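User: I would like to learn how to read helix packing, strand pairing and backbone exceptions in a model. Could you take me through one?

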Amino acid sequence: MRNFLADKIVEIEPSGIRKFFDIVSEMKDAISLGVGEPDFDTPWHIREEGIYSLERGRTFYTSNAGLKELREEIGSYLKRRIGISYDSKKEIVVTVGGSEGIDNALRAVINPGDEVLIPQPSFVSYLPCAVMAGATPVIIELKEENEFRLTKEQLLAHITPRTKVLVFPFPNNPTGAIMEREELLEIANVVVEKDILVLSDEIYSELTYKSEHISIAACPGMKERTIVINGFSKAYAMTGWRLGYVAGPAEIMEQILKIHQFAIMCAPTNSQYAAVEALRNGDKDIAVMREAYNQRRRYLVHALRKMGLQCFEPFGAFYVFPSIKKFGLSSDEFATRLLMEEKVAIVPGTAFGACGEGFLRISYAYSLEDLKRALERLERFIKKLEVELR
């Protein structure tokens, strides 16, 4: 049977996140702080619009690129939120989640042997999607001392004549790192000078806690060389609706649409109608959820530091990324023991790249009650480790 399988797919490792949650699903009284999914229900007015679309019989295919009114609303949203005007007819495509957008974008621009720069730790899909597109992934190791931000010096050190795309994963999953205006401008200047494309994953753009999100596409000279990925899963608590979008230069979007057309046809119709409602009337929902996440973020960082874990303060997404290096355990060993001994599931940092070794991803997309219960168990486990180290 092995002879029938594609080598490059066989060589891709399965997601490091899934292993723990397959165990958790069958473990009584376990608490999970690992899933990157809002604990809020999709706001009722958004759900109602999805239901209403079904009641009205809106169950047919939409255009391949997505509902006209949805693409127009996405264009309006991008204009008011990141200050960029996109032609809704030629520069926006609605996808089945942001993940499809990442896959399609890379396949649309990569030729065999092109290099894709991937800062890590970062979302698990970038590297496999680059490999499946035929690219050579080049990892840029983000450093804790830089608060896991990408620096101009790091970028320059990894660019070669074969570099074609820089994946730009900010706000970052798993670290919660953000990039601020001055840093964005430095990166943008390098990108323009070296003539490379940027794939900017901005799925967490609405979940920032220090300042408003700034898209690298808004920097001078960057709109024409940036493919923006975004969606509805995180900001509007719509993970199961499977809806995202890509915005970028018309020539690239034409090829992305071609891939989407043949592989998917169109995104789910009722999800698209719900998304129109989200964009028109969902700003207040975002504000309420963001404030709740911010409260949990502050609580979690304080609690982790109080129990002696080194943890930089994240200002984006809904994760913290504490260091556990002082215990002499690998990330996988620490997470496995915590799960088996205290029934708390968190994700080893290595699930997001080898440079995540020595760190853990903890999600605060959970209630304060669940966070407090889990942290009590984590503190008990840490005290046990400290005794073992004596």
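Analyst: What follows takes one feature at a time, with the general idea before the case. This is a predicted model, in which local features need pLDDT of at least 70, side-chain atom pairs count only at pLDDT 80 or more, and totals for chains, interfaces and linings use all residues. Residues are numbered from 1 along each chain as its sequence is written, and side-chain values use heavy atoms, with hydrogens and water left out.

User: At what angle do helix α4 and helix α10 pack, and how far apart are their axes?

Analyst: Helices (H or I, at least four residues) and strands (E, at least two) are DSSP runs, numbered from the N terminus. Axes are lines fitted to C-alpha atoms, for helices over the stretch in contact, and angles run from 0 to 180 degrees between N-to-C directions. Here α4 (residues 68–82) packs on α10 (residues 269–281) at about 30 degrees, and the axes are 9 Å apart. The pair is therefore roughly parallel; angles under 35 degrees count as such, over 145 as roughly antiparallel, 65 to 115 as roughly perpendicular and the rest as oblique.

User: Which residues of α4 and α10 make the contact?

Analyst: Contact means heavy atoms within 4.5 Å. From α4 come Glu 69, Leu 70, Glu 73, Ile 74, Tyr 77 and Arg 80, and from α10 come Gln 272, Tyr 273, Ala 275, Val 276, Leu 279 and Arg 280. By class, this contact has seven nonpolar, one polar and four charged residues. In that scheme Ala, Val, Leu, Ile, Met, Phe, Trp, Tyr, Cys and Pro are nonpolar, Asp, Glu, Lys and Arg are charged, and the others, Gly among them, are polar.

User: Which strands pair with β8?

Analyst: Two strands pair if DSSP finds at least two bridges between them. Strand β2 (residues 92–95) pairs with β8 in the antiparallel sense over four bridges, and Ile 92 has Ala 247 of β8 as its bridge partner. Strand β7 (residues 226–231) is likewise antiparallel to β8, over four bridges, with Ile 229 opposite Val 246.

User: Are the faces of β8 buried or exposed?

Analyst: Buried means under 20% relative accessible area, exposed over 50%, and partly exposed in between (1.4 Å probe, protein chains only). In β8 (residues 244–247), Gly 244 and Val 246 on one side and Tyr 245 and Ala 247 on the other are all buried, and both faces are covered.

User: What is the strand order in the open sheet of three strands?

Analyst: The order is β9-β12-β11, with antiparallel pairing. The edge strands, each pairing on one side only, are β9 (319–320) and β11 (347–348). β11 pairs with β12 (residues 360–363) over two bridges, and Pro 348 stands opposite Leu 360.

User: What is phi at Glu 147, and what is it at Ala 317?

Analyst: Glu 147 has a positive phi near 55 degrees in a residue other than glycine, and Ala 317 has a positive phi near 60 degrees. Glu 147 is in the loop between β4 (136–141) and α7 (152–158) and is partly exposed at 30% relative accessibility. Ala 317 is in the loop between α11 (283–306) and β9 and is buried at 0%.
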